[in-house]
Amino acid sequence: MDDDVAEIQGGGLDAIVTEFETYEDYLDQQITPTDLYYLEDVELARQLVELGYRGNGEILRREEFEARKEAAEIARQQKANKKPKKMASAGKELDDCPLLKALSQREEAVRNGKLTTIIFIRDRNSKKQEISGYIDFAHRLKTENMEPIFDRKRRLLPKPSDLSFFNWETQTSTSNPTPNFQVIADNEAGLLFKNKRDRKIINVDPKSRPGDNSTRFDIVTGEYIQVVLYDHVTRRRT
């Protein structure tokens, strides 16, 4: 028996609904070869089982079977959601890479939703063009396999699909909201990001305070022209 099914059954949920895929399968298990011999119709045999004229013990109605089936599926999903997520940075030696080391220290809190981190990177792309942008670390972790980056097989650079992106040579500029942040551009205060969870504003202007529950960290590294992290401790609105 599958381990997950065994655990669900051990948790008190019906073995019946985990054993049978469909209600018809459940009814069929109650039909004997003798029933089919005399009735010569499997559908009629199922109806007689459902009505209680055939089978052993109390027979579940279709509605009750499906309700219990749904409850078992919800329990299975809740169990799966509780499984710890594998950290992309786990087991990596990052002492000589300040940016990746800083991100590895934040990864678990970001994945758990306790922290959001915006990464500002300014550097050159593969075409030697200077680019810069703001990256929602949590969104990248959810939408991209970050392990090659922590393995240093691929560099972390801003993309046009990130929160904000600018190519200094082509003058290409893009901005995109993510599940965590709304982009507020063309504002007198410059570029701002609003956290969608607690509605707090993160100000990335180095001459201004980053905002409530937010902290700015300049990362000293020789791998990029400039790197800044903006940490925001997320708190639900009350």
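This report looks at one helix, the aromatic rings and the salt bridges of a predicted model.

## Helix 7

Helix 7 covers residues 98–111, which makes 14 residues. From its first C-alpha to its last, helix 7 reaches 20 Å. That is close to the 20 Å expected at 1.5 Å a residue. The helix also bends, by about 35°, at Gln105. After helix 7 comes Gly113. The phi of Gly113 is positive, near 85°.

Which residues of helix 7 are buried? They are Leu99, Leu100, Ala102, Leu103, Arg106, Glu107 and Val110. An α-helix has 3.6 residues a turn, so residues three or four places apart point the same way.

## Aromatic pairs

The model has 4 aromatic pairs. One of them joins Tyr134 and Phe193, with ring centres 5.4 Å apart. Their planes stand at 55°, so this pair is tilted. The pair links distant parts of the chain. Tyr134 lies in strand 2 (residues 130–136), while Phe193 lies in strand 6 (residues 192–195). The two are 59 residues apart.

Phe166 and Trp168 form an edge-to-face pair. Their centres lie 4.8 Å apart, and the angle between the planes is 85°. Trp168 is partly exposed, with a relative accessible area of 40%.

Ring pairs also build a cluster. Its members are Phe120, Tyr134, Phe193 and Tyr230.

## Charges over rings

## Salt bridges

How many salt bridges does the model have? The count comes to 16. One of them joins Asp151 and Lys92, with the closest N and O atoms 3.8 Å apart. This pair links distant parts of the chain, 59 residues apart. Asp151 is in the loop between helix 9 and strand 3 (164–167). Lys92 is in the loop between helix 6 (62–82) and helix 7. Asp151 is partly exposed, at 33% relative accessibility.

Lys101 and Asp95 meet in a salt bridge at 3.3 Å, N to O. Lys101 is partly exposed, at 32% relative accessibility. Asp95 has a relative accessible area of 56%, over the 50% cut-off, so it is exposed. Glu130 and Arg124 form another bridge, at 3.8 Å, N to O. Here Glu130 is buried, with a relative accessible area of 16%. Arg124 is partly exposed, at 41% relative accessibility.

## A salt-bridge network

Salt bridges also join residues into a network. Which residues are linked in it? They are Arg140, Glu144, Arg154, Lys159 and Asp162.

Conventions: Residues are numbered from 1 along each chain as its sequence is written. This is a predicted model: local features need pLDDT of at least 70, side-chain atom pairs count only at pLDDT 80 or more; totals for chains, interfaces and linings use all residues. Side-chain values use heavy atoms; hydrogens and water are left out. Helices (H or I, at least four residues) and strands (E, at least two) are DSSP runs, numbered from the N terminus. The expected span of a helix is 1.5 Å times one less than its number of residues. The bend at a residue is the angle between axes fitted to the seven residues ending there and the seven starting there. Buried means under 20% relative accessible area, exposed over 50%, partly exposed in between (1.4 Å probe, protein chains only). Rings of Phe, Tyr and Trp (its six-membered ring) pair if their centres lie within 6.5 Å; planes under 30 degrees apart count as stacked, over 60 as edge-to-face and the rest as tilted. A salt bridge is a side-chain nitrogen of Lys or Arg within 4 Å of a carboxyl oxygen of Asp or Glu.
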